[in-house]
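This briefing covers the fold, selected residues and charge pairs of one model. Please read it alongside the sequence and the coordinates.

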Amino acid sequence: MMVESKLKAGVIFGDTENQEYVYMPGSEVGMAQPICVYESENECEDVNMHEALRLVRVRSLRPTCHPVLGDSSC
């Protein structure tokens, strides 16, 4: 649940070395079923919250700064 709360708060999870990122766009804040974005190399894919949480867990993604979007923790 902590990861979900952080995604909803705008935290970007990722691995800068492997160029993988999971985040929730600001336009999805407050939505009943928000869509998140999974970026891998030069590809972007929309994923539901369940899949976003799975990706964060299995890829061992941590809060990080996105190379283009930045993040409040940078």
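The notes below go from conventions to the sheet, then to single residues and salt bridges.

This is a predicted model, in which local features need pLDDT of at least 70, side-chain atom pairs count only at pLDDT 80 or more, and totals for chains, interfaces and linings use all residues. Residues are numbered from 1 along each chain as its sequence is written, and side-chain values use heavy atoms, with hydrogens and water left out.

- Helices (H or I, at least four residues) and strands (E, at least two) are DSSP runs, numbered from the N terminus.
- Five strands form an open sheet in the order 4-3-2-1-5, with antiparallel pairing; two strands pair if DSSP finds at least two bridges between them.
- Strand 4 and strand 5 (62–63) are the edges, and each has a single partner strand, so one side of each lacks a neighbour in the sheet.
- Strands of a sheet pair through backbone hydrogen bonds, either parallel or antiparallel.
- Six bridges connect strand 3 (residues 35–40) with strand 4 (residues 43–48) in the antiparallel sense.
- Within that pairing, Tyr38 has Glu45 of strand 4 as its bridge partner.
- Strand 1 (residues 13–15) and strand 5 run antiparallel and are joined by two bridges, with Gly14 opposite Arg62 of strand 5.
- Helix 2 (residues 49–58) lies across strand 1, strand 2 (20–23), strand 3 and strand 4, and runs at about 120° to strand 4.
- That angle is taken between N-to-C directions on a scale from 0 to 180 degrees, with axes as lines fitted to C-alpha atoms, for helices over the stretch in contact.

**Positive phi outside glycine**

- The hairpin of strand 3 and strand 4 has two residues between the strands, and Glu41 takes a positive phi near 55° there.
- Glu41 is a residue other than glycine, and its relative accessible area of 59% makes it exposed.
- The accessibility classes are buried (under 20% relative accessible area), exposed (over 50%) and partly exposed in between, with a 1.4 Å probe and protein chains only.
- Ser60 also is not a glycine and has a positive phi of about 55°.
- Ser60 sits in the loop between helix 2 and strand 5 and is partly exposed at 44% relative accessibility.

- Which charged residue is buried yet has no salt bridge? Glu28 is that residue, and Lys8, the nearest side chain of opposite charge, is 11 Å away.
- For charge, Lys and Arg count as positive and Asp and Glu as negative, while His and the chain ends are not counted.
- Glu28 belongs to the loop between strand 2 and strand 3. Not counting residues up to four places away in sequence, Glu28 touches Gln33, Pro34 and Ile35, where contact means heavy atoms within 4.5 Å.
- Tyr23, in strand 2, is buried at 12% relative accessibility.
- Leaving aside neighbours within four places in sequence, the contacts of Tyr23 are Leu7, Ile12, Cys36, Val37, Glu39, His66 and Leu69.

**Salt bridges**

- The count comes to three salt bridges, each being a side-chain nitrogen of Lys or Arg within 4 Å of a carboxyl oxygen of Asp or Glu.
- Glu4 pairs with Lys8, the closest N and O atoms being 3.2 Å apart. Both lie in helix 1 (residues 2–8), four residues apart, about one turn of the helix, and Lys8 is partly exposed at 41%.
- Arg59 and Glu20 form a salt bridge at 3.2 Å, N to O. This pair links distant parts of the chain, 39 residues apart: Arg59 in the loop between helix 2 and strand 5, and Glu20 in strand 2.
- Arg59 is partly exposed with a relative accessible area of 41%, whereas Glu20 is buried at 10%.
- Glu51 and Arg54 form a salt bridge whose closest N and O atoms are 2.9 Å apart. Both are in helix 2, three residues apart, about one turn of the helix.
- Glu51 is partly exposed at 25% relative accessibility, and Arg54 is partly exposed at 31%.
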